[in-house]
Amino acid sequence: MDMLNADDRAVAAMSGMADALVGYVVTGWAIDETSPLDAASVDIFVDGEKVGAASCDQVRQDLATLGYPRHGGGFSFPIPGRFMDGDGHVLRIAFHDGTPMMFHSRSGEQLPEVRFRSERAVEIDGFVDGIVGSGICGWVVRRNNETGHSTGGVQIQVRCNGAAIGQFIADHVRQDVGQAKKCSPRVGFDFQIPAEFRTGRTFSFSLWALPEDVELRQSPIRINYPSTDATSKLYALKDVVDELCSRAWSVQREIMRMLPTGGTVTGGYDAWARRYYADLTRRTATLPPAHGTPLVSIVMPTYKPDLRDFIAAIASVSKQTYANWELLIVDDASRSRTLTSCIQDHARQDRRIRLIRQTRNSGISTATNAALQAAQGEFVAFFDHDDLLVDVAIETMVRAALSTGARILYSDEDKIDETGVYSEPNLKPDWNYRFLLCQNYICHLLMVERALLQQVGPLRTAHDGAQDHDLLLRLSETCPADRILHVSELLYHWRKSATSTASSGDAKPYAIKAGLTAVTDHLRRRGFETAEVTSIGARTMYSIEWNGRQTPSVCIIIPFKDQAGITRRCLEEVLAHTDYPNWRIVLVDNGSESVEAKRLCRDYHAHPLVTIRHVHEKFNYSRLNNIAAKENPADFFVFLNNDVFLRQGNWLRILLDEALADPRVAIVGAKLLYPDRMVQHAGIVLGVGGIADHTFRGIPDGDPGYVARAWCAQQYSAVTAACMLCRAQAFREVGGFDEVELAVAFNDVDLCLRVGASGWRVIWTPDLVAEHHESLSRGTDMAPEKAGRFFHENQLMQQRHGEVLRRDPFYNPIFSRLDGIFRDLGEIGSGS
């Protein structure tokens, strides 16, 4: 009788079978016949390599049908992830003596091994965007194909010409990638190339994701650096250029100081005006004939005028160089035989003059409406009974209407006293709806297409005293902004007399009340049911509290380097005085080195409303803000200098409400004061003294400024980013601040102009007042050692925005561009 040895008995005692491979897990069963109550084990091999052992202790209900006394015996084993690489592999299972376990195939065959090819368990997807400054930027995500999830935080190794030179974690915020890949946005990177690789040779930098060792797309990237000798020569050349730029800048400033300036608004205006009007008449006479001569109805409501002034007013119409007009004089029951006789005499002498008599005094709106009903012209011009028209006024307005297709036109104006002296020119901006809400800045001369007037309806007697303001607001609801034209010529003289508002400047209480009602009614028609309108300084100027209810998310970005004391104060003011529910702060630390700055970062590291972002690079204001904006999703950003202090609890609500009141408003700026309460910023005017300058710099806080513009919210071409709200959609649409060409100066002006060119609006509001210790954080751009950079940025702005710098739509072209905002007037014949 043959005897079996122990090993033979053991083999004969093992039973088992592997299931067909499904997914990434192999299953099966095994029983040790000699010890059926104990769990057996099997070894797992992939490509001949033992990758693990599986204990056969899982429940298998099917074993009971084979007569086994227990339901255990099953096993499952996940294939290691490293074999989920898309390549083909061989799977084998063996009992403990190496005897292969058979696989039960789907075809019914029994096989000692199976081949499989799986998807990669993990895939790396990354991209090298390119070089920005001295860094290599890009992103990378790791996708788990089993779960479908993508994650960031991938470790990256940088190799130069094949040798590893650095390693980092790709965890910078990239909202664009996060949204596209549906994962956390912390997938970006910005690897700063070490200084020793920036001279003398061409280097090839490649980026690899670890531990998979997968090279990112667009890698490697080749960079050709100049030699040390060439670099030295370039630096020397740069020093020469900087010196030339500095000298050119100094010469330019000296020339500007030496150039003669025009008269000023407050002094010498009469002499300037007489030269101007003579030149205006001469210029108009040299123009070719207009393409059409539409009838213009000049409406003049009249009630007990000074007869001498009244006759002068009529004479100014009769002297118009444009002949196709009619003058409709409505006597609002003055009950003066002398006046009636005077009008009748003029009507007999000129058939274009007509008298309309009211049987009872009904007020200016009713009288004007009577003239409008009788008007036959294509256009209507509004004219007060004691004012004067410049001789070319109607011709200039008609030419502008015919050449542009405008339906509403308004001109500049000044005042004339009883002795015939001109003063107080009102040089207006182009169409400025937000300014119109604050005051009727349009006033005289106003000419409107009669069909449009018929469409919006007559003047309203309930608004007498502000009937023209109410009319303009209603017209703005119907007429597109691009059909409203500012004719930038002085065409109208407002009469100053001992008793007139033009002379005293005092507003009558009924006029203030009428204006409040007009603005409030207009806002109600626009859907602002909760807005509150109040008078400014007991004048016919108005402030609006919008009382918005929306709470979009806001990210407040504050860059700083050291300056721990002032930065801490700025931060504490924001935290203490922000009565708004949906906001957070990002402190961008630009490589601070002081102990105090590091302590500041530690103190606020865990604050729920504060994030610290460290950027160890050369100062680049544009880039610091761009990094924070890119990494922090929000509906709005507030760019805030660390030397600006906010103390109004509703400061953020004020800025947001201005933006939310108009979906095309992208940027809102604040009124900033020096510590001595003098104005530092009240909007920015373009082209003055070079590129741009702040309006009303140096006037006292309470001073209304030129035609009260320092008191009124209004549209400007630009505002400072020292305290600026910016709609995130618009910011991303234009690509943020220019961090390549405008690292330090003019980046805020450039941003505003690019936003404006895209159809958005920029608003300045005096309702938010903050204190600004200007340039404490980095000094002044005017320092001699910075003149070269400043000159470059100046020239770039001229090339990029030259047209709007020469003709800022919100600053009248009659003003001089040499210096003195809202003060100096241009030279006669210089294009003003």
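Start with two helices. On the α5 side, Leu307, Phe310, Ile311 and Ile314 make the contact; on the α6 side, they meet Thr338, Leu339, Cys342, Ile343 and His346. Sort those residues by class. The contact of α5 with α6 has 7 nonpolar residues, 2 polar and no charged ones. Keep in mind that this is a predicted model.

Now the geometry. Helix α5 covers residues 307-318, and helix α6 covers residues 337-349. Their axes come within 12 Å and cross at roughly 15°. Angles under 35 degrees count as roughly parallel, so α5 is roughly parallel to α6. The crossing of α5 past α6 is right-handed.

Next pair. Helix α11 is residues 467-478, and helix α13 is residues 509-525. Here the axes lie 9 Å apart, and the packing angle is about 15°. So α11 and α13 are roughly parallel to each other too. What is the hand of the crossing where α11 passes α13? It is right-handed.

Who touches whom? From α11 we have His469, Asp470, Leu473, Arg474, Ser476 and Glu477. They meet Ala518, Val519, His522 and Arg525 in α13. By class, the contact of α11 with α13 splits into 3 nonpolar, 3 polar and 4 charged residues.

Third pair. Helix α14 runs over residues 564-576, and helix α15 over residues 595-604. The axes come within 9 Å and cross at roughly 25°. That angle makes α14 roughly parallel to α15. On α14, the contact residues are Ala564, Thr567, Arg568, Leu571, Glu572 and Leu575. On α15, they are Glu596, Ala597, Arg599, Leu600, Asp603 and Tyr604. The class count for α14 with α15 is 6 nonpolar, 1 polar and 5 charged.

Last topic: cysteines. A disulfide is a covalent bond between the sulfur atoms of two cysteines. How many disulfides does the count come to? The count is 0, taking a disulfide as a pair of cysteine sulfur atoms within 2.5 Å.

Two cysteines are worth a look for accessibility. Are they buried or exposed? Buried means under 20% relative accessible area. Cys56 is at 1% relative accessibility, so Cys56 counts as buried. Cys137 is at 12%, so Cys137 counts as buried as well. And recall Cys342, one of the α6 residues that α5 meets.

That's my tour. Over to you.

Conventions. Residues are numbered from 1 along each chain as its sequence is written. This is a predicted model: local features need pLDDT of at least 70, side-chain atom pairs count only at pLDDT 80 or more; totals for chains, interfaces and linings use all residues. Side-chain values use heavy atoms; hydrogens and water are left out. Axes are lines fitted to C-alpha atoms, for helices over the stretch in contact, and angles run from 0 to 180 degrees between N-to-C directions. Helices (H or I, at least four residues) and strands (E, at least two) are DSSP runs, numbered from the N terminus. Angles under 35 degrees count as roughly parallel, over 145 as roughly antiparallel, 65 to 115 as roughly perpendicular and the rest as oblique. A crossing is left-handed if the near helix is turned anticlockwise from the far one by less than a right angle, and right-handed if clockwise. Contact means heavy atoms within 4.5 Å. Ala, Val, Leu, Ile, Met, Phe, Trp, Tyr, Cys and Pro count as nonpolar, Asp, Glu, Lys and Arg as charged, and the others, Gly among them, as polar. Buried means under 20% relative accessible area, exposed over 50%, partly exposed in between (1.4 Å probe, protein chains only).
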